[in-house]
Amino acid sequence: MQAPEVFSFLRARVRAIFFTALRALAPQDMAGKRVLVTLGPTREPWDSVRFWSNPSSGRMGMALAVCAWLRGAAVTAICGPGISLALPCDLACCHVCTAREMFAAAHDLWPHMDMGMFTAAVADFSPKSFGTKKAKKADMPQGFTVDFVPNPDILRTLASKRTHGQKVLGFAAETVDNTDTLLALAQSKLAAKCADVLAANAVNVAGSGFGTETNAAVVVDAHGRHEIWPTRSKADIAWDLCTWLLHS
Ligand code: C5P
């Protein structure tokens, strides 16, 4: 084995030992639950080398996947592209690129799941196919326009076909300037998406935007509960969201 391979082997072993020890110390209140997590961005290509996307880091989804796994759940993560993962090795991962691929993977897995945590920043629209070659400046000296078509809403579609008491957590990334507006948006999105619990965060506020280590959220559930959570680590927020979903 070469030195880089030895280091990467050792890193993987240390991570496995760390996660196993943490799991042994964690409450096992999600044991027996099968949990699906969507995370990260999607990429919607508009020619053979360029795409439409967003800066989601997948950290919130990773935190939820790890928390559910630590608490005994069997977790499957459907991961969008371009994120670096530090997940326990027996947490199943399926890698996708576009919203339609994420939808297809989630749709196939959903009947076998007890909970769904839909954190992915899915593109709501994808560009209509623009051909299979790189678009050339020389061919479009006046610029060009791109038509967009809507993507399927993964969360709403799967939540509205739930069976056997499946529980659903959704997110809402909003740009707002006060908590009352965020709460109202969270409540209307909870209903529109048929979710059991919904966490809304203001992505225009420092500490709760895309790619941050922390988050702050307004959390609502289908029983009419709501709470306003101050800025905390995504791990802390994920832990409490798992508890809400378990009791929703
Ligand atoms: O409608 P909006 O994009 O604000 O909804 C956010 C929630 O819906 C997130 O939980 C996100 O993962 C989910 N979503 C989805 N499929 C889409 C768009 C959003 O699952 N096409």
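**Exercise 1.** Work out which residues of helix 2 are buried.

*Solution.* Start with the ground rules: this is a predicted model, where local features need pLDDT of at least 70, side-chain atom pairs count only at pLDDT 80 or more, and totals for chains, interfaces and linings use all residues. Residues are numbered from 1 along each chain as its sequence is written, and side-chain values use heavy atoms, leaving out hydrogens and water.

Next, find the helix: helices are DSSP runs of H or I with at least four residues, numbered from the N terminus. Helix 2 covers 59-70. Then apply the cut-off: buried means under 20% relative accessible area (1.4 Å probe, protein chains only). That gives you Met60, Gly61, Met62, Ala63, Leu64, Ala65, Val66, Cys67, Ala68, Trp69 and Leu70. Eleven of the twelve residues are buried, so helix 2 is largely enclosed by the rest of the structure.

**Exercise 2.** Check whether the span of helix 2 agrees with its number of residues.

*Solution.* The expected span is 1.5 Å times one less than the number of residues. For the twelve residues of helix 2 that comes to 16 Å, and the end C-alpha atoms are 16 Å apart, so the two agree. Just past the helix, Gly72 has a positive phi of about 105°.

**Exercise 3.** Find which backbone atoms sit by the ligand's oxygen and nitrogen atoms.

*Solution.* Take the oxygens: a backbone N or O atom of Phe118 is 2.5 Å from one, and a backbone N or O atom of Leu155 lies 2.9 Å from an oxygen too. Now the nitrogen: a polar backbone atom of Ile154 is 3.0 Å from a ligand nitrogen.

Key: Helices (H or I, at least four residues) and strands (E, at least two) are DSSP runs, numbered from the N terminus. Buried means under 20% relative accessible area, exposed over 50%, partly exposed in between (1.4 Å probe, protein chains only). A polar contact is a pair of N or O atoms within 3.5 Å; within protein, one must be able to donate a hydrogen and the other to accept it, and residues adjacent in sequence count only if both atoms are side-chain atoms.
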